[in-house]
Amino acid sequence: MRQEAAPGHYRMGLHAPEIARAAKPGQFCMIQVSDGLHPFLRRPMSFERIFPDGISILFKVEGEGTRILANRAPGQNLSIQGPLGIGFPLDSSVERHILVAGGIGVAPFPALAEAIIRACGKVPEVVLAARSQHLLVGEDVFREMGCTVRMATDDGSVGEHATAVDVLERLAPSAQTRVYACGPMPMLRAAAEVSKRLGAACYVSLEAQMACGDGVCLGCAVESNREKEGERMVRVCADGPVFDAAIINWTAHNFAYDRSRGSLARTR
Ligand SMILES: Cc1cc2nc3c(=O)[nH]c(=O)nc-3n(C[C@H](O)[C@H](O)[C@H](O)COP(=O)(O)OP(=O)(O)OC[C@H]3O[C@@H](n4cnc5c(N)ncnc54)[C@H](O)[C@@H]3O)c2cc1C
Ligand code: FES
């Protein structure tokens, strides 16, 4: 199954029973997008939904790899490695769950929302933000699950004329709240700061360019603020991609908001 979810955004269903049996929300897979050697590296993709016999992915065409993937015809075979990494932690004692998505950062959240409803017995609140209305994806999926969905756009074309983190702040997360954020790094940093200030736990799914995807090449390392065995770097692919926002050294990276590349809610 392949479906255009929004301009330049595709949803694809993949028959992969073994991966689906082991997959957890927030984990990802590495997909070989073409049958040949080019592009050489697999591309990381989150699990959008996890079904008994397979998974779905939701992706934005960024460059050559995702363009090739978007053009794969239904019924073809793809080589997929996964599930990889560490996903979102679930805790049924948490009273309130808020999912904050910037652009295609929404990709892992349908699976997470389903898991929170099933395992924690709570219906999460969802904040969806994008540059403009036509780039907002997934609203219908969350509404079908019964989630309250709040939308924000940079141009005010739908929802609030605000960033995802502005909306999060107005939702006033507290010590009984867990915030889950996925999107561009500046948005994650801002979500981490707001959550910390208001006393809420925050888990972020980090972005990094990946080569091996399973902890060997160190190409995806980011700096944490905790030292373990003399090492401060953590690997997004193997130690994450989901991290407690409190352990990331946000100031070590140039995650500042870059106006020339769009807003905090720009798609990744
Ligand atoms: C753990 C993880 C899960 C991901 N899940 C999804 C998902 O569910 N849906 C989705 O659309 N995308 C997801 N991504 C991002 C996706 O892997 C990249 O967009 C993709 O690899 C780009 O490949 P490409 O060949 O199309 O573009 P390239 O030609 O490789 O790159 C095009 C542009 O995108 C930038 N880029 C490439 N890879 C990344 C990256 N990982 N992060 C940020 N910028 C990048 C490049 O710098 C370049 O500017 C995920 C990334 C990670 C690390
Ligand atoms: S991508 Fe190779 S260590 Fe993470």
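Ala101, Gly103, Val106, Leu128, Ala129, Ala130, Leu135, Leu136 and Val137 line the largest cavity. A cavity here is a set of points, on a 1 Å grid over the protein atoms alone, where a 1.4 Å probe fits but cannot get out; lining residues have an atom within 4 Å of a point. This is a predicted model, in which local features need pLDDT of at least 70 and side-chain atom pairs count only at pLDDT 80 or more, while totals for chains, interfaces and linings use all residues. Residues are numbered from 1 along each chain as its sequence is written, chains are lettered from A and ligands numbered from 1 in the order in which they are written, and side-chain values use heavy atoms, with hydrogens and water left out.

The volume of the largest cavity is about 30 Å³. A volume is the space filled by probe spheres set on the grid points, which are joined across faces, edges and corners. The count comes to one cavity of 30 Å³ or more. Strand E9 (residues 125-130) gives the most to its lining, with three residues. Helices (H or I, at least four residues) and strands (E, at least two) are DSSP runs, numbered from the N terminus. By class, the lining has eight nonpolar, one polar and no charged residues. Ala, Val, Leu, Ile, Met, Phe, Trp, Tyr, Cys and Pro count as nonpolar, Asp, Glu, Lys and Arg as charged, and the others, Gly among them, as polar.

Now to an open site. A pocket is an open set of points with protein on both sides within 12 Å along at least five of seven lines. The second largest pocket has a volume of about 360 Å³. It is lined by 19 residues, and Met1, Gly13, Leu14, His15 and Gln76 are the closest to its centre. Strands E2 (9-15) and E6 (54-60) each supply at least two lining residues. E2 gives the largest share, four residues. The lining of this pocket has ten nonpolar, six polar and three charged residues.

What holds the interior? A nonpolar core is a set of buried Ala, Val, Leu, Ile, Met, Phe, Trp, Tyr and Cys residues joined through side-chain atoms within 4.5 Å. Buried means under 20% relative accessible area, exposed over 50%, and partly exposed in between (1.4 Å probe, protein chains only). The largest nonpolar core has 38 residues, of which Val100, Leu188, Val204, Leu206, Phe243, Ile248 and Trp250 touch the most other members. Among the elements that each supply at least two residues of this core are strand E3 (28-32), strand E8 (96-102), helix H5 (164-170), strand E12 (177-182) and strand E13 (201-205). Helix H6 gives the largest share, seven residues. Domain 1 (2-84) and domain 2 (96-257) each contribute at least three residues to this core; the bounds come from an automatic or database domain assignment.

Take Val204 as a way in. Leaving aside neighbours within four places in sequence, Val204 is in contact with Ala181, Leu188, Pro241, Val242, Phe243, Ala245 and Trp250. Contact means heavy atoms within 4.5 Å. Apart from this core lies another, of 30 residues, among them Leu112, Ala113, Ile116 and Tyr180.

Helix H3 (residues 109-120) comes next. Its buried residues are Phe109, Pro110, Ala111, Leu112, Ala113, Ala115, Ile116 and Cys120. They pack against strand E5 (49-51), E8, helix H4 (139-144) and E12. Gly121 follows H3 and has a positive phi, near 70°.

Thr177 sits in strand E12. Its relative accessible area is 3%, so Thr177 is buried. Not counting residues up to four places away in sequence, Thr177 touches Val94, Arg96, Ile98, Ala200 and Ala201.

The backbone has some exceptions to note. Most residues other than glycine have a negative phi, and most peptide bonds are trans. His38 and Pro39 are joined by a cis peptide bond, with omega about -5°. Pro39 is in the loop between E3 and strand E4 (43-46). A cis peptide bond also joins Gly240 and Pro241, with omega about 15°. Pro241 lies in the loop between strand E15 (231-235) and strand E16 (242-244).

Ala172 is not a glycine, yet has a positive phi of about 50°. Its place is the loop between H5 and E12, and at 44% relative accessibility Ala172 counts as partly exposed. Leu218 also has a positive phi, about 65°. Leu218 lies in the loop between E13 and strand E14 (221-228). Its relative accessibility is 54%, so Leu218 counts as exposed.
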